[in-house]
Amino acid sequence: MKHFLSINNLMATEAMDLVLRAKEMKDGDYRSDLLAGKTLAMIFEKASTRTRVSFEVGIRHLGGDTIFMTPADSQLGRSEPLKDTARVLSRYVQGMVVRTFAQKNVDDLARYGSIPVVNALTDMFHPCQIMSDMLTIYERTTNLKDLVISWIGDGNNMANSWINASVYFGFQLNIACPEGYTPNTAVLERALKMGAKVYVTDDPKAAIAGSHFVNTDVWASMGQEAEQKKREKAFAGYQLDEELLALADPNAKVLHCLPAHRGEEISESVFEGSQSIVFDQAENRLHMQKAILEWIYS
Ligand code: CP
Ligand code: NVA
């Protein structure tokens with residue numbers, strides 16, 4: 001049985017295989033009955049548009065069914081332990097797609113349940129998004145290891161996932177974060193030990209210089225809403241605007257996993273500009289979810 005709790009669950013060659021398979025599925029508008037007779041529980045403790053809908057549609061494209069659950073309408077909201085939920089749901093459904101806070105929550109669901117668990121975002125990682133982003137990049141250039149990719153902003157779940165991805169795909173990753181908002185130290189140290197090319201700075205100009213793909217994300221992630229004002233101050237000077245983007249490669253493309261806060265981490269003109277590929281990026285979530293599900297269930 002396979003889980004997808006972070007991209008570290010993939011073997012060395014599987015990450016690229018998933019990108020290629022998702023591309024094939026996209027080009028062929030793929031449908032199958034792989035999940036016929038199977039129901040997956042979608043347990044979302046945080047809001048979602050893209051991840052929820054792309055998984056629900058992707059599961060239907062593969063012939064399966066879904067049940068959507070939140071703490072508000074399940075016993076999770078009344079403190080039933082996850083390890084009990086895992087064992088109960090394992091008696092009814094054939095998988096769990098889970099958006100939650102601590103990475104330990106998805107790890108525990110996998111540990112105590114007896115069905116596959118997919119991480120649909122935790123505070124630590126967003127592995128489905130990062131795999132989909134690799135598809136979006138691959139569609140524009142197949143030579144991933146010679147790329148320079150930059151991350152401007154918070155060292156959050158997406159930044160941690162980019163670090164993991166750099167181990168698999170071999171690109172140079174430049175990360176610019178203010179002091180106190182850098183990515184997870186253990187994730188970074190592990191990647192560097194494995195030979196990843198990751199450069200962390202507090203200077204957005206140094207990070208973006210010559211980049212082929214430039215990423216940013218909200219300054220306050222879900223669960224950090226109370227820190228919004230403090231973070232706006234800490235991230236002053238980190239907005240991805242036209243002046244900063246001009247330092248990247250002239251053909252650079254802009255990525256944002258969405259939802260975006262225009263006027264904060266990204267300017268309106270960059271978000272809507274010709275270098276932005278954020279809606280192609282959002283579409284690819286659907287195709288990559290199907291490839292991930294096939295990897296788990298076939
Ligand atoms: N990018 C992403 O995960 O979006 P949602 O929060 O809408 O799922
Ligand atoms: N870093 C963001 C990503 C949203 C898809 C968050 O965790 O809220």
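## The loop around Lys145

Lys145 sits in the loop between helix 5 (127-138) and strand 5 (148-152) of this predicted model. Leaving aside neighbours within four places in sequence, Lys145 is in contact with Phe169, Gly170, Phe171 and Lys197. Its C-alpha atom is 7.5 Å from that of Gln172, although 27 residues separate Lys145 and Gln172 in sequence.

Beyond four places in sequence, Phe169 touches Ala15, Met16, Val19, Met131, Met134, Leu144 and Lys145.

## Nonpolar cores

Phe169 is also one of the residues with the most contacts inside the largest nonpolar core; the others are Phe4, Met131 and Trp162. This core has 57 residues. Both domains contribute to the core: at least three of its residues come from domain 1 (7-125 + 285-297) and at least three from domain 2 (141-276).

## Domain layout

The domain assignment divides the protein chain into domain 1, made of 7-125 + 285-297, and domain 2, made of 141-276. Their C-alpha centres lie 26 Å apart. Contact between the two involves 19 residues of domain 1 and 16 residues of domain 2.

An unreviewed UniProt entry places the feature "domain: Aspartate/ornithine carbamoyltransferase carbamoyl-P binding" at residues 2-139. In the model, residues 2-139 are 41% helix and 14% strand.

One open sheet has 4 strands in the order 2-1-3-4, and the pairing is parallel. Strand 2 (65-69) and strand 4 (117-119) are the edge strands, each pairing on one side only. Direction ignored, neighbouring strands of this sheet are turned by 20° against each other on average.

Strand 1 (residues 39-44) runs parallel to strand 2 and is joined to strand 2 by 5 bridges. Within this pair, Ile43 has Met69 of strand 2 as its bridge partner. In a regular strand, side chains alternate between the two faces of the sheet. Both faces of strand 1 are covered: Thr39, Ala41 and Ile43 are buried on one side, and Leu40, Met42 and Phe44 are buried on the other. The count for strand 1 is thus 6 buried residues of 6. On the other part of the sheet, helix 4 (residues 103-112) lies across strand 3 (95-99) and strand 4. The angle between helix 4 and strand 4 is about 165°.

Strand 6 (residues 172-176) and strand 7 run parallel and are joined by 5 bridges. In this pair, Ile175 stands opposite Val200 of strand 7.

Asn215 lies in strand 8 (residues 213-216). Its relative accessibility is 2%, so Asn215 counts as buried, the cut-off being under 20%. Apart from neighbours within four places in sequence, Asn215 is in contact with Ile149, Ser150, Trp151, Ile152, Trp162 and Leu255. Of these contacts, Trp162 is also one of the residues with the most contacts inside the largest nonpolar core.

Ile266 is in the loop between strand 9 and helix 11 (268-272). Ile266 counts as buried because its relative accessibility is 0%. Not counting residues up to four places away in sequence, Ile266 touches Thr216, Gln239, Leu240, Val254, His256, Ala260, His261 and Phe271. Gln239 is 27 residues from Ile266 in sequence, while the C-alpha atoms of Gln239 and Ile266 are 5.2 Å apart.

Notes
Residues numbered from 1 in each chain as written. Chains lettered and ligands numbered in written order. Predicted model: local features only at pLDDT ≥ 70, side-chain atom pairs only at ≥ 80, totals over all residues. Heavy atoms only, no water. Pairing = 2+ DSSP bridges. Helix = DSSP H or I, 4+ residues; strand = E, 2+ residues; numbered from the N terminus. Axes fitted to C-alpha atoms, helices over the stretch in contact; angles between N-to-C directions. Contact = heavy atoms within 4.5 Å. Core = buried A, V, L, I, M, F, W, Y, C linked by side-chain atoms within 4.5 Å. Buried < 20%, exposed > 50% of the residue type's maximum accessible area, 1.4 Å probe, protein only. Domains from an automatic or database assignment. UniProt positions renumbered as here; feature names shortened; annotations may be inferred.
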